[in-house]
Amino acid sequence: MPDTRVIAPYITRWSTEATYLGQLTRRPSGRGIAYRDETLGDRDRHGVLWARANSAPEIGRPSFGKIHPARQRRAMRRLLCQVCAKPADQTPDGVLWLLLDHRGDWSGWPDGMGVTEPPICRPCIDVATRHCPALRRGYVVVRSRQYEISGIQGLQFHPGRTGITPGEQVLLDYTDPAVVWTLAHNLVRLLGDCTIVD
Ligand SMILES: [Zn+2]
């Protein structure tokens with residue numbers, strides 16, 4: 001029997017996995033957002049609220065381009081490969097990343113860039129570059145010696161006269177006061193001391 005399973009990265013969301021925004025409200029203190037039925041696991045250790053999503057990977061169809069918040073966060077925190085969820089490749093030269101090629105953005109790129117894509121292992125570079133349409137625009141393989149967790153990416157909300165209104169997607173450092181208004185969807189690491197690999 002041929003293997004007819006669809007190949008989808010570990011962090012990809014599936015059609016059976018939904019995120020829920022309806023349960024959001026303004027914090028009783030007035031400063032920031034909260035879930036109406038919030039539990040301890042809804043915030044990270046910085047006090048930032050995270051997007052909820054049910055877990056049903058490999059059921060239905062993969063929603064390519066959409067990310068599952070809990071799996072992205074797990075892979076990013078533990079430096080797991082974004083495709084296969086095994087440990088990402090790591091050598092004395094640093095951790096391995098597969099990035100869209102934005103070398104024109106600034107000299108020294110990607111030093112100083114906040115990434116939301118978790119790292120990768122070597123075998124999966126092949127898989128990803130063959131199957132991921134987003135990478136057809138050009139990609140680079142990078143090793144970074146610095147990659148500390150710096151913040152989150154997510155949907156920012158604004159206080160309204162009644163409740164809250166959704167705003168724009170933002171990428172924020174944990175030190176930014178606006179994080180209390182943001183529903184985190186991706187954990188961000190800040191790349192530094194990078195080498196571009198051939
Ligand atoms: Zn892998």
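Which residues are exposed on the other side of α2? P123 and R130 are. The views below come from a predicted model.

**View 1. Helix α2 and its two sides.** Helix α2 covers residues 122–131. Its buried residues are C124, I125, A128 and T129. Seen down the helix axis, these buried residues fall within an arc of 130°, so they line one face of α2. An α-helix has 3.6 residues a turn, so residues three or four places apart point the same way.

**View 2. The zinc site.** Four cysteines coordinate the zinc ion: C81, C84, C121 and C124. Each cysteine gives its SG atom, at 2.3 Å. The site is tetrahedral, with angles of 101 to 114° among the four donor atoms. For four tetrahedral donors, the ideal angle at a metal is 109.5 degrees. Along the chain, the donors follow the spacing C-x2-C-x36-C-x2-C. C121 has a relative accessible area of 9%, under the 20% limit, so it counts as buried. C124 is buried too, with a relative accessible area of 8%. C124 also belongs to the buried residues of helix α2.

View 3. The largest nonpolar core has 22 residues. Those with the most contacts inside this core are V48, W97, L99, V115, I152, L187 and L191. Strands β6 (94–100), β8 (139–159), β9 (164–173) and β10 each supply at least two of its residues. The largest share, four residues, comes from β10. A second core is separate and has 11 residues. Among them are C81, C121, C124 and I125. The zinc donors include C81, C121 and C124. I125 is one of the buried residues of α2.

View 4. H185 lies in strand β10, which spans residues 182–197. Is H185 buried or exposed? Its relative accessibility is 18%, so H185 counts as buried; the limit is under 20%. A polar atom of the H185 side chain lies 3.5 Å from the backbone oxygen of I67. I67 is also among the residues that H185 touches.

Terms used:
Residues are numbered from 1 along each chain as its sequence is written. This is a predicted model: local features need pLDDT of at least 70, side-chain atom pairs count only at pLDDT 80 or more; totals for chains, interfaces and linings use all residues. Side-chain values use heavy atoms; hydrogens and water are left out. Buried means under 20% relative accessible area, exposed over 50%, partly exposed in between (1.4 Å probe, protein chains only). A polar contact is a pair of N or O atoms within 3.5 Å; within protein, one must be able to donate a hydrogen and the other to accept it, and residues adjacent in sequence count only if both atoms are side-chain atoms. Contact means heavy atoms within 4.5 Å. Donors are N, O and S atoms within 2.8 Å of the metal (3.2 Å for Na, K and Ca); water is not among the atoms, so sites may look incomplete. Four donors count as tetrahedral if all angles lie between 85 and 135 degrees; four count as square planar and six as octahedral if opposite donors are over 155 degrees apart and all others between 65 and 115; anything else is irregular. A nonpolar core is a set of buried Ala, Val, Leu, Ile, Met, Phe, Trp, Tyr and Cys residues joined through side-chain atoms within 4.5 Å. The arc is that of the directions from the helix axis to the C-beta atoms.
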